[in-house]
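The sequence and structure come first, and the discussion follows.

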Amino acid sequence: MSDQMPDSAPQFLTVGEGEAARQIAMLVRPAQAGNGAPALVWLSGYRSDMSGTKAVELDGLAAELGLACIRLDYSGHGLSGGNFGEGTISRWLEEALAVIRHVAPDQVILVGSSMGGWIALRLAQELARQGGVTLPKLAGMVLIAPAPDFTSELIEPNLKAKERKSLAERGYFEERSQYSPEPNIYTRALIEDGRKNRVLDGIIETGCPVHILQGMKDADVSHAHAMKLVEHLPADDVVLTFVRDGDHRLSRPGDIALLLSAVKGIIRSSTNRQMPA
């Protein structure tokens, strides 16, 4: 695509130590000189990567506006090293945090799709908890079909007997994927770790504007889940946009236009908040 810079070769960052070390691939577009707007950070969904349609379109918007854009592949995904079967929310969160710390922008807007929405919300908590010189300020979030707590809210309550048996005996179960010929694999480690990363068990304070885009024909994450998330964000400026005929991916041209418009809106609100009254 013309939006892709010819010099956008992936960089690699080692995250973790010893046997836990893995090479995390990232694509970093620097901001144009003098552009102080927040950097855009793309957070993919489960089994998705940084070269998907929405990620590339977000990078194209950054190129158009002269913004920095940071994309990464979690371990076991895309160009990154590491074993997918060892992946957990804690592990992928650690990688996203390490990449953001490495690139070190002053401010970020987190754009998370599906599971990436959960990781974005956990990142917001970690940026607030660990904030300081080494981590940026959170200027806003755009969440696409966000799936916070999907392991405990959407998977565990619906486990069939044979899936429970497979988890107990093999440590994982498989489920047919409508997006790939390879089945989805959910491990016991992912599910157990998911309980430790729950965000829908209290008030989530992001301290920034949040725009949620949710398809009403989403077969993976129901629109009721998006409404439940809004209830846990009482302190923030939250906009929830329903796409009546939208599916889980929200990758059609009209969906992409909505996404880019939402991101531009968050950029505008962050710029306005920086201006003196």
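A residue is called buried under 20% relative accessible area, exposed over 50% and partly exposed in between, with a 1.4 Å probe and protein chains only. The model is a predicted one, in which local features need pLDDT of at least 70 and side-chain atom pairs count only at pLDDT 80 or more, while totals for chains, interfaces and linings use all residues. Residues are numbered from 1 along each chain as its sequence is written, and side-chain values use heavy atoms, with hydrogens and water left out.

**Salt bridges**

A salt bridge is taken as a side-chain nitrogen of Lys or Arg within 4 Å of a carboxyl oxygen of Asp or Glu, and 14 salt bridges are counted by this rule. Three of them are set out below.

| Pair | N to O distance |
|---|---|
| Arg122 and Glu126 | 3.2 Å |
| Asp149 and Arg198 | 3.9 Å |
| Lys160 and Glu163 | 3.9 Å |

Helices (H or I, at least four residues) and strands (E, at least two) are DSSP runs, numbered from the N terminus. Arg122 and Glu126 both belong to helix H3 (residues 115-130), where they stand four residues apart, about one turn of the helix, and both are buried. The bridge between Asp149 and Arg198 joins two loops: Asp149 lies in the one between strand E6 (137-144) and H4, and Arg198 in the one between helix H6 (188-196) and strand E9 (210-215), so the pair ties together parts that are 49 residues apart in sequence. Asp149 is buried, with a relative accessible area of 0%, whereas Arg198 is partly exposed at 25%. Through shared partners, salt bridges join Asp149, Glu153, Arg198 and Lys228 into one network.

**Aromatic pairs**

Rings of Phe, Tyr and Trp (its six-membered ring) pair if their centres lie within 6.5 Å, and planes under 30 degrees apart count as stacked, over 60 as edge-to-face and the rest as tilted. By this rule there are eight aromatic pairs. In one of these, the ring centres of Tyr46 and Phe150 are 6.0 Å apart with planes at 65 degrees, so the pair is edge-to-face. Tyr46 is placed in the loop between strand E3 (39-43) and helix H1 (53-65), and Phe150 in helix H4 (residues 150-155), so this contact ties together parts that are 104 residues apart in sequence. Tyr46 is buried at 15% relative accessibility, and Phe150 is buried at 9%.

**Pocket and cavities**

On a 1 Å grid over the protein atoms alone, a cavity is a set of points where a 1.4 Å probe fits but cannot get out, and a pocket is an open set with protein on both sides within 12 Å along at least five of seven lines; lining residues have an atom within 4 Å of a point. Grid points are joined across faces, edges and corners, and a volume is the space filled by probe spheres set on the points.

The largest pocket has a volume of about 1,100 Å³. Its lining has 40 residues, of which Tyr46, Tyr179, Asn184, Asp220 and His248 lie nearest its centre.

Two cavities of 30 Å³ or more are found in the whole structure. The largest cavity, of about 40 Å³, is lined by Ile144, Leu213, Val243, Leu250, Asp255, Leu258 and Leu259.
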